[in-house]
Amino acid sequence: MNRSRVKFSLIRSLPITAGTFILSIVLSAVGAIIDGGLIDPWHILVIFGMFIIIGVVNFFRVFIDDSKWARSKPSVVKNFIFGPIYFTLAMAFTIYVTGGVYFPYLIGMGLLFLAIFMIMQTVTYFVAKKKTDQMNDALKIFLKEHEVNED
Amino acid sequence: MKLFLREIPTLSETEVEVRFRERDQEVDNLVRSISSSGDALAGINDKGDTEMVYVSQILYIEAVDRDVFAYKASGVYRIRKTLYELEDDLREKLFVRISKSTIVNIKAIKSIAPEDFRRIKLLLNNGEYLVVSRSYANDFKSAIGMKGGSEK
């Protein structure tokens, strides 16, 4: 592993992981307020543990993002690789905290994730495609304006 | 090959017209030489020899630690100038800053695509990829004449 790439990946992935960790704590607090219950201190530690694993996944995501392979692919491809990993981690955490597997709930969550994920990725793909076309059209016009006059 | 030189005082800038029966290697070399005449930097190659590097052949320039390197399709050359100096010198030659450490030749860009976190991915003519950082994305867009880029 290239040391500067590792450093770059760490610097870039750490704030993302820290930000989502804080967000999850806030959401848990909001959930507890709505639910009227108290947050078990053990669950905070479990969330922290989960975010250490997510931090490792984020690190590899950023690390792979910097590779030639990833740069030659649209960002949707990387989302298809990492989206299911994040979902699996979230489900594993939920099962652990709730203390068991309730299959209809698990299947429901899986289908919900799949539907939202597919819609999001389709929208992302078409938005990115539109931007790509606009940028390449601008580049084409720019290069045409500045090319050597070969009449 | 015949060479004609004509002085026309009324011209605002020097014009060159190349007439040929068939476009061959000689014509291409001539066009390349004319395009890059007067636009060269002194670069040190990997053997330590100093060579003239034509600006039009440079794909991008990168600062690594305290050194500045010019990347051509055929090699890398160390340049004895700072990135700031080169940025100023080469602005008119269609070079634009894309990150803290990189200046790219717009003419060497093959295609562009948006990336995550408002960054922009550039594919160069030699198949290499460069990323325009978020801070320089608007400057890059305005450099290629896109709407939405920052006005300078």
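Reader: Among contacts in chain B between residues at least 6 apart in sequence, how many join residues at least 24 apart?

Author: In chain B that share is 31% of the contacts between residues at least 6 apart in sequence. Two residues are in contact here if their C-beta atoms, placed from the backbone, lie within 7 Å. For chain A, 72% of the contacts between residues at least 6 apart in sequence join residues at least 24 apart. Keep in mind that this is a predicted model, where local features need pLDDT of at least 70 and side-chain atom pairs count only at pLDDT 80 or more, while totals for chains, interfaces and linings use all residues. Residues are numbered from 1 along each chain as its sequence is written, and chains are lettered from A and ligands numbered from 1 in the order in which they are written.

Reader: What are the elements of chain B, from the N terminus on?

Author: The order is α-β-β-β-β-β-α-β-β-β-β-β-α, which comes to three helices and 10 strands. Helices (H or I, at least four residues) and strands (E, at least two) are DSSP runs, numbered from the N terminus. Chain A has five helices and zero strands.

Reader: What makes B:Ile79 buried?

Author: A residue is buried if 20 or more other C-beta atoms lie within 10 Å of its own, exposed if 12 or fewer, and partly exposed in between, with C-beta atoms placed from the backbone. B:Ile79 has 20 other C-beta atoms within 10 Å, so it counts as buried. This residue sits in strand β5 (residues 75–79) of chain B. Skipping residues up to four places away in sequence, B:Ile79 touches B:Leu41, B:Gly43, B:Ile61, B:Val68, B:Phe69, B:Ala70 and B:Leu86.

Reader: Why does B:Leu94 count as partly exposed?

Author: B:Leu94 has 19 C-beta neighbours inside 10 Å, so it falls in the partly exposed class. B:Leu94 lies in the loop between α2 (83–90) and β6 (95–99) of chain B, and it too has a positive phi, about 70°, although it is not a glycine.

Reader: Which residues touch the most other members in the largest nonpolar core?

Author: Those are B:Tyr60, B:Ile61, B:Ile103, B:Val104 and B:Phe140, out of 31 residues in that core. A nonpolar core is a set of buried Ala, Val, Leu, Ile, Met, Phe, Trp, Tyr and Cys residues joined through C-beta atoms within 7 Å. Helix α3 (residues 134–143) of chain B gives the most to this core, with four residues. Leaving aside neighbours within four places in sequence, B:Phe140 is in contact with B:Val96, B:Ile98, B:Ile120 and B:Val132.

Reader: What radius of gyration does chain A have, and what would a compact globule of 151 residues have?

Author: Chain A has 21 Å, but a compact globule of 151 residues would be near 15 Å. The radius is taken over C-alpha atoms, and the globule rule is 2.2 Å times the number of residues to the power 0.38. The C-alpha atoms of chain A fill a box of roughly 80 × 40 × 25 Å along the principal axes. Buried residues are 7% of the 151 residues in chain A.

Reader: How many residues does the contact take from chain B and from chain A?

Author: Chain B puts in 17 residues and chain A 16. On the side of chain B, β8(B) gives the most, with five residues.
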